[in-house]
Amino acid sequence: MGLPVAEVDRFRADLAAIWPDRIDDGTARLGIAVSGGPDSLALLLLAHAALPGRVEAATVDHGLRPESAAEAAEVARVCAGLGGPHVTLTVQVAPGNVQAEARLARYAAMAGWAAERGLAALATAHHADDQAETLLMRLNRASGVAGLAGARGRGRVPEAELPLLRPVLDWRRSELGVVVEAAGLVAAQDPSNINDRFDRVRIRKALAEADWLDVAAIAQSAVHIAEADAALDWMAALEWRSCVTKEPMGLKYRPQAPRAVALRVVARIVRELDGEDARGGAIARLVDGLLQGQPASIGKLVARPNAGGWSFAKAPVRAPVRRIKGPPRCD
């Protein structure tokens, strides 16, 4: 399965940029999430070529499609040919938003697998086309900066301390497809990727028809927004330290920063006092009401404007009304 040297060199340089502390550590092993599709299959091939003997792969079978078991078996066959370990992780997807629940189950399973195997990081095949599609979808939903921010090259696996790497974030989907073709492999095709019921599929088709749009440039804009998102987080942390104080019943916030920063501070207040994250739209409505001097509630909290700031506390718990039955009516 020989790959073009230029592509392997490019991949190793991209990986080194986000994993500089471990790329040359011969003992650090990298986990690869491989569904069997063209993107993740290309990532697997590039990683094995760039880090021989240091790559393990996992395929998560969500049990949502009858073809998934066969696709996982095909990935295992490819890994055997590469001389690398592979495991299939079977998960159950909770009811609700299927894609979101599948993502949570997938990351939880891979984090557990990585811990058991002593892997130093997990890599996924998120690429430039994904970035552009996500940005356009969220623009169409009027998302704020946090929602528009693109994925970063390095992050953390949700609910874990494991580094999450995206070494092909600057690669186009077509470039990854060339890698798979060069290896003489045929990737699995998920039918959901051509189902117009999903927003991403419709956006993908629209992008393909609008050849005047520069997908790489759109993806880079998502990166710029991610940098702005990080800057707002930094400002919100500073605002918290300077302007949020404890009160007997909760927290008081004396806002000094612009609204975009105040939104993040209030979201953190709600999370710390209520124990749950609130939707961005609910936080925005709460802040706008407070700015107009109106008390409001969110979740189990009550927020009130007062001298120089806003106070947040848990709403008082009201005892249930006990209904006393009277004598039967005689009609």
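Predicted model: local features only at pLDDT ≥ 70, side-chain atom pairs only at ≥ 80, totals over all residues.
Lys314 belongs to strand β11, and its C-alpha atom is separated by 21 Å from that of Gln292, a residue 22 positions apart from Lys314 along the chain.

Ala217, in turn, is found in helix α9, where its relative accessible area of 39% makes Ala217 partly exposed. Between Ala217 and Pro258 the C-alpha to C-alpha distance is 29 Å, while the two residues are 41 apart in sequence.

## The largest nonpolar core

In soluble globular proteins, nonpolar side chains tend to be buried together. The largest nonpolar core of this model holds 38 residues, of which Phe11, Trp19, Leu30 and Ile32 touch the most other members. Several helices and strands each supply at least two residues of this core, namely α1 (5–18), β1 (30–33), α2 (38–50), β2 (55–61), α3 (68–82), β4 (121–123) and α7. The largest share comes from α2, with eight residues.

## Aromatic rings and charges over rings

The count of aromatic pairs comes to one. This pair is formed by Tyr253 and Trp310, whose rings are arranged edge-to-face, with 5.7 Å from centre to centre and 85° between the planes. The pair links distant parts of the chain, as Tyr253 lies in strand β8 (residues 250–253) and Trp310 in strand β11 (residues 309–314), 57 residues apart. Tyr253 and Trp310 are both buried.

Two arginines are placed over tryptophan rings: Arg10 lies over the face of Trp171, at 3.9 Å from the ring centre, and Arg268 lies over the face of Trp240, at 3.9 Å from the ring centre.

## Salt bridges

Side chains of opposite charge can pair when their charged atoms come close. In this model the count comes to 21 salt bridges, among them the one in which the side chains of Arg22 and Asp25 meet at 3.2 Å, taken from N to O. Arg22 counts as partly exposed at 27% relative accessibility, and Asp25 is likewise partly exposed, with a relative accessible area of 25%.

Another salt bridge brings together the side chains of Glu133 and Arg173, at 3.1 Å from N to O. Because Glu133 lies in helix α5 (residues 128–139) and Arg173 in helix α7 (residues 173–182), this pair ties together parts that are 40 residues apart in sequence. Glu133 counts as buried at 1% relative accessibility, whereas Arg173 is partly exposed, with a relative accessible area of 24%.

A further salt bridge joins Asp229 and Arg264, whose closest N and O atoms are 2.6 Å apart. Asp229 lies in helix α9 and Arg264 in helix α10 (residues 259–274), so this pair ties together parts that are 35 residues apart in sequence. Both Asp229 and Arg264 are buried. Elsewhere, salt bridges that share partners join Asp129, Asp130, Glu133, Arg172, Arg173, Arg200 and Arg204 into one network.

## A nonpolar patch on the surface

Which residues form a nonpolar patch on the surface? They are Trp234, Met235 and Leu238, which together have about 300 Å² of accessible area. Met235 is found in helix α9 (residues 215–243), and with 31% relative accessibility Met235 counts as partly exposed.

## Loop residues with positive phi

Most residues other than glycine have a negative phi. Against that background, Ala142 has a positive phi of about 60° although it is not a glycine. Ala142 is placed in the loop between α5 and α6 (145–148), and its relative accessible area of 69% makes Ala142 exposed.

Glu159 also has a positive phi of about 60° without being a glycine. The loop that holds Glu159 runs between β5 (154–156) and β6 (163–165), and Glu159 is exposed, with a relative accessible area of 84%.

Note on methods: Residues numbered from 1 in each chain as written. Heavy atoms only, no water. Patch = residues over 30% accessible without salt bridge, like charges linked within 9 Å, V, L, I, M, F, W, Y side chains within 5 Å. Areas by Shrake-Rupley, 256 points an atom, 1.4 Å probe, with all protein chains shown as cover. Salt bridge = Lys/Arg side-chain N within 4 Å of Asp/Glu carboxyl O. Helix = DSSP H or I, 4+ residues; strand = E, 2+ residues; numbered from the N terminus. Buried < 20%, exposed > 50% of the residue type's maximum accessible area, 1.4 Å probe, protein only. Phe/Tyr/Trp six-rings, centres within 6.5 Å; stacked < 30°, edge-to-face > 60°. Lys NZ or Arg CZ within 6 Å of the ring centre and 35° of its normal. Core = buried A, V, L, I, M, F, W, Y, C linked by side-chain atoms within 4.5 Å.
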